[in-house]
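Please follow this chain from its overall layout into its helices, and then on to a few individual residues. The structure and its sequence come first.

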Amino acid sequence: QHEDWVMEDFLRTYYPNLTPTESGLYIMNDNIGTGITPSDTDYVLFDYTSRYVETFKIFDTSLKSVGIAEGISARTTMSCAGPYKVQVKGMFEGIKQGLLSMQEGDSARLIIPSALYRGDYNPIYVDVRLYKVIPDLKKFETEQLAQYLSTNYHKTLADSTTTGVTGLYYFPITEGTDDLIDDADSITLKYKVSFLPYSDGK
């Protein structure tokens, strides 16, 4: 009953004219997008910020600036990493239903009862901006990689050395002079890992 009261008070105060979908999800969509609508097997690229309805506290976000301000950037490696890329059917039910109602370019606020999220009696609301629907993930990632290499290194995928079935591409930056290592060798190395940026700058 507490969750029901929290939802009713929130909706009465801020969205008195908003009606739910059949499942109980509330969607406020700006409907400014002109792109395609995803299916549940598509991947999508989107930003999100999630808050608890009762306290308005942000507990998860893909936006680095928000994560740092809220002190949540170190809690999970996927938070605050920029636009989130995931298959629609792998999302929590409420977020999945919201994404399936959107077009590329739309922004929406999803007000989600816990039954459509984690079932913990904590309703949430999530602000979502859908950048891109990705029906063919391999093609999309190859295009992004080609764009990244062209922009940053003036190279093409054809310039790389590939490891075959793994799909890994690598480019020597500084050529070594010693023998190649093998699986039995012990090595010391320094490395840096970065997420490949979305090619429109997001």
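Predicted model: local features only at pLDDT ≥ 70, side-chain atom pairs only at ≥ 80, totals over all residues.

**Helices and what covers them**

Among the elements that cover the buried residues of helix α4 are β2 (43-52), β4 (84-87) and β6. The buried residues concerned are Phe140, Gln144 and Leu149. Because these residues fall within an arc of 165° when α4 is viewed down its axis, they line one face of the helix. On the other side of α4, Lys138 and Lys139 are exposed.

The dimensions of α4 can be checked as well: its 17 residues, 137-153, should span 24 Å at 1.5 Å a residue, and the distance of 23 Å between its end C-alpha atoms agrees with this. At the start of the helix, a side-chain oxygen of Asp136 comes to within 3.3 Å of the backbone nitrogen of Lys138, while just after the helix His154 adopts a positive phi of about 55°. Tyr148 also belongs to α4, and it counts as partly exposed because its relative accessibility is 26%. In space, the C-alpha atom of Tyr148 is 7.6 Å from that of Leu196, although 48 residues separate the two in sequence.

How does this helix fit into the chain as a whole? The protein chain contains 4 helices and 8 strands, and, read from the N terminus, these elements follow the order α-β-β-β-α-β-α-β-β-α-β-β. Of its 202 residues, 33% count as buried. Of the contacts in the chain with a separation of 6 or more, 63% are accounted for by residues 24 or more positions apart. The chain exposes about 13200 Å², of which carbon and sulfur atoms supply 51%.

Confidence should be kept in mind while reading these features. The average pLDDT of the protein chain is 86, and 88% of the residues score at least 70. By element, confidence is lowest in strand β7 (residues 161-162), with a mean of 63, and highest in β5, at 97.

In helix α3 (residues 93-100), the buried residues are Gly94, Ile95, Lys96, Gly98 and Leu99, and they pack against β1, β2, β5 and β6.

Which residues does Val53 touch, leaving aside those up to four places away in sequence? Val53 is in contact with Val6, Met7 and Phe10, and also with Ile111, Pro123, Ile124 and Tyr125. Val53 itself lies in the loop between β2 and β3 (58-61), and it counts as buried because its relative accessible area is 3%, under the 20% cut-off. The C-alpha atoms of Val53 and Ile111 are separated by 8.1 Å, while the two residues are 58 residues apart along the chain.

Most residues other than glycine have a negative phi. Asn31, however, has a positive phi of about 55° although it is not a glycine, and it is found in the loop between β1 and β2. Its relative accessible area of 55% makes Asn31 exposed. Tyr121 likewise is not a glycine and has a positive phi, of about 65°; it is found in the loop between β5 and β6, and at 64% relative accessibility it counts as exposed.

Notes: Residues numbered from 1 in each chain as written. Heavy atoms only, no water. Helix = DSSP H or I, 4+ residues; strand = E, 2+ residues; numbered from the N terminus. Expected span 1.5 Å × (residues − 1). Buried < 20%, exposed > 50% of the residue type's maximum accessible area, 1.4 Å probe, protein only. Arc of directions from axis to C-beta. Contact = heavy atoms within 4.5 Å. Polar contact = N/O pair within 3.5 Å; in protein donor to acceptor, adjacent residues only side chain to side chain. Areas by Shrake-Rupley, 256 points an atom, 1.4 Å probe, with all protein chains shown as cover. pLDDT = per-residue confidence, 0-100.
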